[in-house]
Amino acid sequence: MTDATSDCLFCRILRGEIPAKKVYEDEYVFAFEDINPQAPTHVLVVPKKHFAGLKEAGAGDAELIGRCQLAAAQIARDRNIEQGYRTVLNVGPGAGQSVFHLHVHLLGGRHLSWPPG
Ligand code: 5GP
Ligand code: ZN
């Protein structure tokens, strides 16, 4: 039997099938270092429940998405990067989404220009 979670890279990380450098974990979310960091801090925060991305999320996922954002804020606080950081949700391939398990990027520790590319 296969389902959306069996081949999902981030579900596999959550199950411990693929190693990752854990940054934070609670009942709802898991955070780990991005394998290809784009800033001194580049952490991915994922809900433990699988859903593909923001456009697949429903009203029932609102709290979980908020928890991902708040976990990112806590990590930023812990790392003293509150002078300026960014949380990013890439939505769809045209915006660079390559893993279809919702994830919040936390980027910081350097100047971040605006607008993003
Ligand atoms: P997206 O492009 O979907 O917004 O973000 C996916 C992110 O996952 C990318 O920043 C990429 O570097 C990261 N990534 C891809 N494969 C792995 C992996 O096996 N381990 C970790 N820790 N990060 C990964
Ligand atoms: Zn998944």
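Mentor: On a 1 Å grid laid over the protein atoms alone, a pocket is an open set of points where a 1.4 Å probe fits, with protein on both sides within 12 Å along at least five of seven lines, and its lining residues are those with an atom within 4 Å of a point. Grid points are joined across faces, edges and corners, and the volume is the space filled by probe spheres set on those points. What you see is a predicted model, in which local features need pLDDT of at least 70 and side-chain atom pairs count only at pLDDT 80 or more, while totals for chains, interfaces and linings use all residues. Residues are numbered from 1 along each chain as its sequence is written, chains are lettered from A and ligands numbered from 1 in the order in which they are written, and side-chain values use heavy atoms, with hydrogens and water left out.

With that settled, the largest pocket holds about 760 Å³ of space. It is lined by 32 residues, and the closest to its centre are Asp34, Gln38, His42, Leu44 and His105. H1, S2, S3, S4 and S5 are the elements that each give two or more residues to this lining; such helices (H or I, at least four residues) and strands (E, at least two) are DSSP runs numbered from the N terminus.

From here we can turn to helix H2, which spans residues 62-78, has 17 residues and reaches 24 Å from its first C-alpha to its last, close to the 24 Å expected at 1.5 Å a residue, where the expected span is 1.5 Å times one less than the number of residues. Its buried residues are Leu64, Ile65, Cys68, Ala71, Ala72, Ala73, Ile75 and Ala76, where buried means under 20% relative accessible area, exposed over 50%, and partly exposed in between, using a 1.4 Å probe and protein chains only. An α-helix has 3.6 residues a turn, so residues three or four places apart point the same way. The buried residues of H2 pack against the strands S1 (22-25), S2 (29-33), S3 (41-47), S4 and S5.

Isoleucine 75 lies in helix H2 and counts as buried because its relative accessible area is 3%. Setting aside neighbours within four places in sequence, isoleucine 75 is in contact with Val23, Tyr24, Ala31, Val43, Val45 and Leu106, contact being heavy atoms within 4.5 Å. Arginine 67 also belongs to helix H2, but it counts as partly exposed because its relative accessibility is 29%.

Most residues other than glycine have a negative phi, and most peptide bonds are trans. Asparagine 80 sits in the loop between H2 and S4 and counts as exposed because its relative accessibility is 69%. Isoleucine 81 is also found in the loop between H2 and S4, yet it counts as buried because its relative accessibility is 9%. Not counting residues up to four places away, isoleucine 81 touches Thr41, Ala76, Leu106, Gly108 and Gly109. From isoleucine 81 to proline 40 the C-alpha distance is 9.9 Å, across 41 residues of sequence.

Another feature to locate is the peptide bond from tryptophan 114 to proline 115, which is cis, with omega near 0°; proline 115 lies in the segment after S5.

Distant parts of the chain are linked here, since cysteine 8 is in the segment before helix H1 (9-14) and histidine 101, 93 residues apart from it, is in the loop between strand S4 (85-88) and strand S5 (104-108). Cysteine 8 and histidine 101 are both buried.
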